[in-house]
Amino acid sequence: MECDVIVVGAGPAGLAFARALRGSGLRVTLVEGQSRDGLAHPMDDGREIALTHRSVATLRALGAWDGIDPASIAPLRQACVLDGRSPFALSFAPPEGGGEADGLGYLVSNHRIRRALFAAVEGQGGMTLLPDARVTTAVTGDAGARVVLHDGRTIRGRLLVAADSRFSAVRTQLGIPARIEHMGASMLVARVTHAEDHGGVATEWFGHGQTIALLPLTGRRASVVLTLPGDAAARLAVADHEALSRELTRRSAGRLGAMRVQGDARLYPLATVWSRHFAATRAALIGDAAVGMHPVTAHGFNLGLRGASSLAALIRVAARRGRDIGGSAALRRYEAEHRLAAGPLFTATGTIVRLFTDDSPLSRLARPAVLRIAAHSPVRRVATHLLMSH
């Protein structure tokens, strides 16, 4: 098979990238291990995505935003950070009179975004979808890119884009090293109903031995994201609904009143990834294959969408000007732009996680002071801007 761009991975980043190339005249082949039915009707994985206004604008431009049921979209009006038993809360809210940008963004279920993106991409002119396909070989060189599938089919193109998760097999085959940090903790995710009104406020509470986030959904519903050491999280994940409801109410200190778990809890082991390079000869990494963020700042999806859009824009310009879409000029610029966008956020997130999850006496003394200093410095204004627009 011959094409211009080979994309491996039909997650949100891969789908968004493929969709962003519509009308470019480029032939795109999208390779994915899932079935077509699995892509069209993704299972609910329990995860809620905090979308910035920039990401919403991108999804709207891709034709995906209108494919999400408005009744399922929850406004994220404010966010606050708590530490231990301190009553002080560091709050983040947009400036008053922000018009359409009132609020920090929106919360939407991951599976709804994926379904809308696939619906936008399906049937797109110039795009070939290869579902149920596993990559066994991925190589690139000056002459082009070549991918061999498990059934022996070979795809050749001018550019290879890896969007196949933070544990990217394509990244490994291309010889691009990555710093992978397994956190030794897991994230338990559960949707709950609760007695009190959340007011559209997301709460991140760094307690001793745990981190818990309460993400406001529509009505008196929330997504509880509880981070614990791996073994403790695994034990809690198999508790029955009554026991888990009581435990989540207790661990959240009853901030939203009594909770009742809706549906099954999901468990996700935590690991962060930073690829040493985001591009190589006739290849680029997007989404989690490039940067796998810690979920504490809720920016992994937004960053992946931004990178996919950035790369697609550069490729479109190269194609329109008759230049080599897999040439080093476009790929070097993509890497520089995405490093500038991702690097400070990745570093800041790591610093926050290390400080606020370290239960040593020194760190526990420092945290309240850090929050109070941040509340009265430009840091809060900058952080709010990042939360809304990154």
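These legends describe close-up views of a predicted model.

**View 1. A three-stranded open sheet.** The sheet holds 3 strands in the order β3-β7-β4. Their pairing is antiparallel. Two strands lie at the edges: β3, residues 48–51, and β4, residues 74–76. Each of these edge strands pairs on one side only. On average, neighbouring strands of this sheet are turned by 30° against each other, direction ignored.

**View 2. The pairing of β3 with β7.** Strand β7 covers residues 105–109. Strands β3 and β7 pair in the antiparallel sense. How many bridges does this pairing span? It spans 4 bridges.

**View 3. Two helices across β3 and β7.** Helix α3 spans residues 53–61. It lies across β3 and β7 and runs at about 100° to β3. Helix α4 spans residues 110–121. Helix α4 also lies across β3 and β7. Its angle is given against β7, and is about 85°.

**View 4. Strand β14, enclosed.** Strand β14 takes in residues 201–207. Is this strand largely enclosed or largely open? It is largely enclosed by the rest of the structure, because 6 of its 7 residues are buried.

**View 5. β14 beside β5.** Strand β5, residues 78–83, runs parallel to β14. The two are joined by 6 bridges. Within this pairing, leucine 82 has tryptophan 205 in β14 as its bridge partner.

View 6. Strand β15 covers residues 210–216. It runs antiparallel to β14, and 5 bridges join the two. Glycine 207 stands opposite glutamine 210 in β15. The two strands form a hairpin with 2 residues between them. Which residue in the turn has a positive phi? It is glycine 209, with a phi of about 85°.

View 7. Cysteine 3 has a relative accessibility of 4%. Cysteine 80 has a relative accessible area of 14%. Why do these residues count as buried? The cut-off for buried is under 20% relative accessible area. Cysteine 3, at 4%, therefore counts as buried. Cysteine 80, at 14%, is therefore buried as well. A search of the whole structure for disulfides finds 0.

Definitions and conventions. Residues numbered from 1 in each chain as written. Predicted model: local features only at pLDDT ≥ 70, side-chain atom pairs only at ≥ 80, totals over all residues. Heavy atoms only, no water. Pairing = 2+ DSSP bridges. Axes fitted to C-alpha atoms, helices over the stretch in contact; angles between N-to-C directions. Contact = heavy atoms within 4.5 Å. Disulfide = S-S within 2.5 Å. Buried < 20%, exposed > 50% of the residue type's maximum accessible area, 1.4 Å probe, protein only.
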